[in-house]
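Please take a first look at the model shown here.

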Amino acid sequence: MKKLNFIFFSIIMILVFACKDTNSIEKKETSRAENTIATTLKNTTKTYLNAWSENDTTVHRLVTTKNLVRNVNGKIVSINQKELFKTMNFWHRAMPDLKIDEKEISVIGTRAYVNWIGRGSNTGMLGNTPPTGKKGYIEGMSILTFDDAGYIVHEATFFNLLGLMEEWGYTMSPPIME
């Protein structure tokens, strides 16, 4: 009888463990993988912003694709790394002390949504316009899209350029009407 009870107990235990819900294990593994990807994309986003602050094209080459497309306020301003680097140099010429810091980064799927703050003094030429020497502060938002390998393929950035220019002392004149 003891042997029969032991066999019966063993069969029940085997059935209990064999029927265990593997979906929860798979969900946990999927969740861990998604968290790992999100962490990687968040770190890449921080690296990208830091490279902007440091005017470091070498780091940008490591985190972006060669055919990166960058939109600013709805207009395409670069369609490859070389044009991105020209834009970076333009801003660093106008603001050699440019610093961009993230306020918040949210990753959803293959996109990072970034609220950021930019600061800098207009101590260099802004295109053909001489510097004012004044400090400027600006807040903006960027949406970075990543490819499957974790490289940035697209950036859409939005910020108030007029507000920055006014902080630097520029004014807007009304249009000449005929």
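## About the model

This is a predicted model, in which local features need pLDDT of at least 70, side-chain atom pairs count only at pLDDT 80 or more, and totals for chains, interfaces and linings use all residues. Residues are numbered from 1 along each chain as its sequence is written, and side-chain values use heavy atoms, with hydrogens and water left out.

## The largest pocket

The largest pocket has a volume of about 430 Å³. A pocket here is an open set of points on a 1 Å grid over the protein atoms alone, where a 1.4 Å probe fits, with protein on both sides within 12 Å along at least five of seven lines; lining residues have an atom within 4 Å of a point. The volume is the space filled by probe spheres set on the points, which are joined across faces, edges and corners.

The lining has 27 residues, and Arg70, Val72, Trp91, Trp116 and Phe159 are the closest to the centre. Elements that give two or more residues include α2 (22-54), β1 (64-72) and β4 (111-121). β4 gives the most, with four residues. Helices (H or I, at least four residues) and strands (E, at least two) are DSSP runs, numbered from the N terminus. By class, the lining has 17 nonpolar, seven polar and three charged residues. Nonpolar means Ala, Val, Leu, Ile, Met, Phe, Trp, Tyr, Cys and Pro; charged means Asp, Glu, Lys and Arg; the others, Gly among them, are polar.

## The nonpolar core

The largest nonpolar core holds 29 residues. Such a core is a set of buried Ala, Val, Leu, Ile, Met, Phe, Trp, Tyr and Cys residues joined through side-chain atoms within 4.5 Å. Among the members that touch the most others are Tyr48, Trp91 and Ile152. The largest share, five residues, comes from α4.

Phe146 sits in strand β5. At 4% relative accessibility, Phe146 is buried (under 20% relative accessible area; exposed is over 50%, partly exposed in between, with a 1.4 Å probe and protein chains only). Not counting residues up to four places away in sequence, Phe146 touches residues including Leu41, Thr44 and Ile152 (heavy atoms within 4.5 Å). Phe146 and Thr44 are 102 residues apart in sequence, yet 9.7 Å apart in space, C-alpha to C-alpha.

## Two asparagines with positive phi

Asn55 has a phi near 55°. Asn55 lies in the loop between α2 and α3 (57-63) and is partly exposed, at 25% relative accessibility.

Asn73 has a positive phi of about 50°. Asn73 is in the loop between β1 and β2 (75-78).
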